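Please look over the sequence and the 3D structure shown below before reading on. The notes that follow are grouped by topic, so that each can be checked against the picture.

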Amino acid sequence: MTPPASRRHDPDRDPGLQPERTRLAWRRTTLSGTVVAVLAVKTGLHGGASAAGVVACALCCVLWLGFLSVAHRRIRTLAATGAPAAFAPRHAAAAVLCTVAMAVCGAALVL
């Protein structure tokens with residue numbers, strides 16, 4: 001039985017492409033998070049600043065900065081080495097936590 005195409009060894013494959021695609025995906029995700037944070041601030045402060053809106057905006061900004069830190073660290077790792085190390089579980093958990101918490105804050109601002 002032959003392995004699927006995704007698992008076969010291809011001598012023409014450039015091993016640098018996967019880290020590059022992953023680095024670009026981190027950049028796109030960071031840009032999306034930036035847009036979400038800006039829209040959250042705009043929504044939270046629209047029609048006057050309430051205490052809850054300011055707190056939600058501040059929390060979104062802190063979460064965005066946390067995600068930006070994790071993403072920047074991963075982008076540097078991917079760019080620095082030919083074969084990057086595996087993504088640390090604590091960094092992955094931090095990225096997921098920031099993303100989910102930012103989504104919850106955004107939903108709270110809309111409702």
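Leaving aside its neighbours within four places in sequence, with which residues is Arg23 in contact? The answer is Ile75, Leu78 and Ala79, and the notes below set these contacts in the wider picture of a model that is predicted. The chain has three helices and zero strands, and reading along the sequence gives the pattern α-α-α.

**The chain as a whole**

- Of the 111 residues in the chain, 23% are buried.
- If we take the contacts between residues at least 6 apart in sequence, 73% of them join residues that are at least 24 apart.

**Helix 1 and Arg23**

- Arg23, which lies in helix 1, counts as buried because its relative accessible area is 17%, under the cut-off of 20%.
- Although Arg23 and Arg74 are 51 residues apart in sequence, their C-alpha atoms are 7.7 Å apart in space.
- After helix 1 comes Gly47, a residue whose phi is positive, near 75°.

- The buried residues here are His91, Ala95, Cys98, Met102, Cys105 and Leu109.
- Viewed down the axis of helix 3, these buried residues fall within an arc of 100°, so they line one face of the helix.
- The buried residues of helix 3 pack against helix 1 and helix 2.

**How helix 3 meets helix 2**

- Helix 2 and helix 3 pack at an angle of about 155°, and their axes are 9 Å apart.
- This angle makes helix 2 roughly antiparallel to helix 3, because angles over 145 degrees count as roughly antiparallel.
- Helix 2 passes helix 3 in a left-handed crossing.
- The residues that make this contact include Gly53, Ala56, Leu59, Cys60 and Arg73 on helix 2, and on helix 3 they include His91, Ala94, Cys98, Met102 and Leu109.

**How helix 3 meets helix 1**

- The axes of helix 1 and helix 3 come within 10 Å and cross at roughly 30°.
- Helix 1 and helix 3 are therefore roughly parallel to each other, because angles under 35 degrees are counted in that way.
- Helix 1 passes helix 3 in a left-handed crossing.
- On helix 1 the residues taking part are Trp26, Gly33, Val36, Ala37, Ala40, Thr43 and Gly44, and these meet Ala95, Met102 and Leu109 in helix 3.

Definitions and conventions. Residues are numbered from 1 along each chain as its sequence is written. This is a predicted model: local features need pLDDT of at least 70, side-chain atom pairs count only at pLDDT 80 or more; totals for chains, interfaces and linings use all residues. Side-chain values use heavy atoms; hydrogens and water are left out. Helices (H or I, at least four residues) and strands (E, at least two) are DSSP runs, numbered from the N terminus. Buried means under 20% relative accessible area, exposed over 50%, partly exposed in between (1.4 Å probe, protein chains only). The arc is that of the directions from the helix axis to the C-beta atoms. Contact means heavy atoms within 4.5 Å. Axes are lines fitted to C-alpha atoms, for helices over the stretch in contact, and angles run from 0 to 180 degrees between N-to-C directions. Angles under 35 degrees count as roughly parallel, over 145 as roughly antiparallel, 65 to 115 as roughly perpendicular and the rest as oblique. A crossing is left-handed if the near helix is turned anticlockwise from the far one by less than a right angle, and right-handed if clockwise.
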